[in-house]
2 protein chains.
Amino acid sequence: MKSTIPDTGVPIAPPAANGGDRQEASLHGEILLRLRDYVVEGNIPEGARVPERQLCEMFGISRTPLREALKVLAAEGLIELLPNRGARVRQLGQRDLEELFDVMAGLESLAGRLACETITDAEITAIEQLHYEMYGHYLHRDMHGYFQANQRIHESIVAAARNETLKTAYANFAGRIRRVRYSANFARKRQRWAEAMREHEAILDALRRRAASELSDILFQHLRNKRAAAIEHLAEPEENAPASP
Amino acid sequence: MKSTIPDTGVPIAPPAANGGDRQEASLHGEILLRLRDYVVEGNIPEGARVPERQLCEMFGISRTPLREALKVLAAEGLIELLPNRGARVRQLGQRDLEELFDVMAGLESLAGRLACETITDAEITAIEQLHYEMYGHYLHRDMHGYFQANQRIHESIVAAARNETLKTAYANFAGRIRRVRYSANFARKRQRWAEAMREHEAILDALRRRAASELSDILFQHLRNKRAAAIEHLAEPEENAPASP
DNA sequence: GTTCACTATTTTGCATTCATTTTTTGTCAT
DNA sequence: ATGACAAAAAATGAATGCAAAATAGTGAAC
């Protein structure tokens with residue numbers, strides 16, 4: 001086994017030739033989007049080198065636009081550049097995750113604060129709707145549905161902040177921990193699940209009252225709890241984990 | 001007059017061949033640092049095209065590493081890429097500034113919250129020291145000194161948060177509005193100056209008590225007030241501004 | 001004198017090429 | 001077999017080359 005990328009047998013196989021029907025004017029832009037997804041989706045193992053040549057063949061492009069995309073991804077913190085040694089997928093240690101979760105907490109906290117200033121009743125109703133939907137998934141133990149509804153609620157709050165800069169930054173950080181968030185299916189812990197539901201109710205309550213700083217506190221604490229659950233999960237990786245060394 | 005870059009007469013004149021004695025392994029990395037400074041310092045007028053060829057000559061490199069740096073700066077939001085038309089320095093409208101200030105407010109608010117968890121008495125003392133220094137500049141009407149002390153205080157709070165990710169993000173956003181911050185020497189308004197001093201005292205007070213959410217609120221409001229002053233200043237640009245149209 | 005059309009020049013985006021550095025492979029001695 | 005060393009292969013980083021697009025320049029028509 002040589003390649004770090006799973007070889008499908010087909011030499012040239014773009015993972016999403018234009019799946020999301022998003023169209024970028026420049027080749028560089030398109031490659032950036034596709035490569036980011038490719039990395040975020042975990043197609044290259046953590047800490048592994050990013051094989052330029054192989055990716056070029058896969059995308060059917062030359063190295064120039066790919067390398068430009070790599071530089072951007074490095075600036076975003078998704079990969080890291082080693083001098084004369086190419087790029088490797090950034091390995092997130094526990095400390096990195098703690099930091100990232102805290103920054104996310106700060107951004108969501110800010111989003112809530114700003115949302116209180118301009119959110120409409122209709123928007124709140126929409127979020128309530130999502131909340132009930134999420135509650136349904138909770139009752140049915142549908143973790144995937146729960147997760148999605150949960151994510152949409154948080155995205156709605158960010159959207160209600162009406163700050164494109166914030167939205168972009170939020171998306172950026174969310175991308176960095178996306179992989180971990182999925183793997184950290186903390187939902188197995190029923191207690192945390194119920195707790196999260198209660199917290200979400202508090203969020204909605206504060207939002208209805210437009211209590212900016214209160215909502216800010218609640219959101220921060222909510223994310224902090226998520227962080228604790230995710231980190232805790234990381235510590236005891238899997239049920240059937242063999243003793244390491 | 002053809003060039004958008006002020007021609008010093010000397011054709012090849014690197015602005016900082018290695019001024020900050022920072023050394024990057026890759027040419028790309030060095031160019032990124034130098035070009036970022038070059039743009040942030042306002043050497044290219046807002047909205048003007050970024051002249052690749054000229055910059056290449058100036059830095060004495062080929063277009064490849066320069067273009068890589070341009071892609072990164074675009075991702076950072078400092079410049080924007082036009083399809084088949086190169087890059088231009090991003091023009092910040094009033095709305096952009098409001099958004100940026102709010103995000104900065106959120107990050108500082110977060111920094112304060114986190115700082116309360118781990119800040120040492122010694123660190124608080126150091127910030128108090130800066131505060132007194134700033135107060136001295138205030139009394140002497142030394143705007144430049146005041147500004148610097150002020151900035152160092154905010155940086156100290158961010159540092160006390162012990163979160164490298166936050167620190168990096170903060171520096172990134174700070175860079176985007178750096179130019180505007182300088183030009184917006186709101187300090188001419190004595191009233192705002194005095195107000196800022198009072199706010200800083202409240203910040204120190206909350207910090208001493210490790211009152212996390214209170215400090216978070218104060219910092220947010222403090223930045224909001226700064227934002228108001230900066231925007232207000234933008235509206236009435238200069239004392240001797242000729243009628244525009 | 002202004003406006004439009006057409007050509008020439010420049011600029012941009014990407015591919016290709018080249019010099020180094022790193023990594024792998026191969027050989028030989030221990 | 002194992003390790004050290006040397007050569008070969010591959011990769012990286014940056015420069016150069018080339019086709020397409022955009023801009024500037026020129027002149028004719030109104």
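Tutor: **The surface near DNA strand C**

DNA strand C is surrounded by 20 residues, the closest being Leu27(A), Ser62(A), Thr64(A), Arg63(B) and Arg67(B); a residue is near a strand if one of its heavy atoms lies within 4 Å of it. This is a predicted model, in which local features need pLDDT of at least 70 and side-chain atom pairs count only at pLDDT 80 or more, while totals for chains, interfaces and linings use all residues. Residues are numbered from 1 along each chain as its sequence is written, chains are lettered from A and ligands numbered from 1 in the order in which they are written, and side-chain values use heavy atoms, with hydrogens and water left out.

By class, the surface near DNA strand C has four nonpolar, seven polar and nine charged residues. Here Ala, Val, Leu, Ile, Met, Phe, Trp, Tyr, Cys and Pro count as nonpolar, Asp, Glu, Lys and Arg as charged, and the others, Gly among them, as polar.

At least two residues each come from helix 1 (27–40) and helix 3 (63–76) of chain A and from helix 2 (52–59) and helix 3 of chain B. Helix 3 of chain A contributes the most, three residues. Helices are DSSP runs (H or I, at least four residues), numbered from the N terminus.

Individual residues approach phosphate oxygens of DNA strand C: a polar side-chain atom of Ser62(A) lies 2.4 Å from one, and a side-chain N or O atom of Arg67(B) is 2.3 Å from one. Asn84(B) instead uses a backbone N or O atom, 3.5 Å from a phosphate oxygen.

Technical notes. Polar contact = N/O pair within 3.5 Å; in protein donor to acceptor, adjacent residues only side chain to side chain.
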